Structures are given as C-alpha cells and as structure tokens.
Amino acid sequence: EYSAQGFATGITSQKPVGRSTYHGGAVDLNRRFSRGFLFRANYTWAKAMDDSTNDLATSVVNPRRPQNWRNMHDEWSRSTLDVRHKAAFMWIYDFPKVEMDSPVLRGLLGGWQLNGTYLFQSGQPITVQSGVDSNGNRDSAGDRAILNPNGTDRVGTAVRFVCRDSAGA
C-alpha cells in the first residue's frame, strides 16, 4: 500500500496473477406439446475453483483478501462464482386463435400467451469476516477471520504483526 503525501487514502495494488478451473455439465429438455403448450427444463452441475476471484474486495458477501500475497497457492478454494447446482423450468401456453370478422377485435383478442419461469440454484460460498484489520495491511477491505486453534475459547486475542517494525512499517 502506498500513501502519497497530502492524500488521505492509500493506493492498494495487486499483481495480476491468479488461476482458476471450471468443470460442468448440463442437460436440457425441450418439448412442444399439442394445442400450443411448450415446456423446457434444464439442469447444470458445475464446480469452479480459483485463488483470486474477489481479490479487490468488490463483494460484501465475500471480500477475499489473500492471507499472504506472496503465496497465492494457499488461497486455492471454491470460487465466489461457484454455483454447484442450477435448475431452470420454463413453460409457454399460446391461447387459441380468435376467429372473428372484425380485424380490430381479432388483433386485440388474438395472439395472447401465458408463460412462467422458475430458477433454483445452490448458494454462493461465503467467507467469515473478522471486522478488523486481521492481516495488518492497514486497508479498509474486509479481512477473513483468523483461526487460532491454541487460543482461549470465546475470548478475542490481539494479533501481533511480525512484519511491522517499530515505526509501523
């Protein structure tokens, strides 16, 4: 992070590094029945993994910051974009044509349809947030909570930043 003299906020920069994988499969059923009824259903299974989806904290639900920007390999996990299951259903019913002598009434009463769409999907992965500057980099982006298995249960403990010198650098 860099703070220029006379400016209240700092500039945070990140290296343009990252990797990801996506695997998925989909099934689509499309059927037109008689008398103007159409039904469509599809299902997608997918798995997305990466190490830097939300590195710049653009999401409130999952403001990921690396624990160690020098070791992005440790960030490898389910992506913020990972939606494992998604199913969609859609139907259309075309009303029968109206046979009338008047072209105005035929235009007003004809050509109507009734339709609906339903979408179901599994939830987005989230990261537990600490609410404080857990990684000690002095930025305002949300940091993930740090697990301390040797800490005292139900008691908050201070984090000593081993990378800071006496001047706070």
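β1 and β2 form a hairpin with four residues between them, and Arg35 sits in that turn with a positive phi of about 65°. Arg35 has this positive phi although it is not a glycine. Its place is the loop between β1 (20-32) and β2 (37-50). Arg35 is also exposed, at a relative accessible area of 76%. Here buried means under 20% relative accessible area, exposed means over 50%, and partly exposed is in between (1.4 Å probe, protein chains only).

A quick word on what you're looking at. This is a predicted model, so to speak of a local feature we need pLDDT of at least 70, and side-chain atom pairs count only at pLDDT 80 or more, while totals for chains, interfaces and linings use all residues. Residues are numbered from 1 along each chain as its sequence is written, and side-chain values use heavy atoms, with hydrogens and water left out.

Zooming out, the protein chain has one helix and five strands, in the order β-β-β-β-α-β from the N terminus on. Helices (H or I, at least four residues) and strands (E, at least two) are DSSP runs, numbered from the N terminus. Of the 169 residues of the chain, 18% count as buried.

Two strands pair if DSSP finds at least two bridges between them. β1 and β2 run antiparallel and are joined by 13 bridges. β1 is hardly covered, though: among its 13 residues, the count of buried ones is zero.

With β4, β2 pairs in the antiparallel sense over nine bridges, and Tyr43 stands opposite Ala87 in β4. With β3, β2 pairs in the antiparallel sense over two bridges; here Met49 has Arg78 in β3 as its bridge partner.

Side chains of opposite charge can pair when their charged atoms come close. A salt bridge is a side-chain nitrogen of Lys or Arg within 4 Å of a carboxyl oxygen of Asp or Glu, and a search of the whole structure finds four of them. Arg78 meets Asp82 in one of these, at 2.6 Å from N to O. Asp82 also forms a salt bridge with Arg84, with the closest N and O atoms 2.8 Å apart. That links Arg78, Asp82 and Arg84 in a network of salt bridges. Asp82 is buried, at 1% relative accessibility, whereas Arg78 is partly exposed at 35% and Arg84 is partly exposed at 22%.

Another salt bridge brings together the side chains of Asp51 and Arg19 (3.5 Å, N to O). Asp51 lies in the loop between β2 and β3 and Arg19 in the segment before β1, so this pair ties together parts that are 32 residues apart in sequence. Asp51 is buried, at 4% relative accessibility, while Arg19 counts as partly exposed at 38%.

Now look at the loop between β3 (77-78) and β4 (85-94), where you'll find Ser79. Ser79 is buried, with a relative accessible area of 3%. A polar atom of the Ser79 side chain lies 3.0 Å from the backbone nitrogen of Leu81.

Finally, the aromatics. A pair of aromatic rings is described by the distance of the centres and the angle of the planes. Rings of Phe, Tyr and Trp (its six-membered ring) pair if their centres lie within 6.5 Å; planes under 30 degrees apart count as stacked, over 60 as edge-to-face and the rest as tilted. By this rule the count comes to three aromatic pairs. The rings of Phe33 and Phe37 have their centres 5.7 Å apart and their planes at 35°, so this pair is tilted. Phe33 is partly exposed at 37% relative accessible area, and Phe37 is partly exposed at 29%. Tyr93 and Phe95 form an edge-to-face pair, with 5.1 Å centre to centre and 85° between the planes. Tyr93 counts as partly exposed at 26%, and Phe95 is partly exposed at 41%.

Technical notes. Polar contact = N/O pair within 3.5 Å; in protein donor to acceptor, adjacent residues only side chain to side chain.
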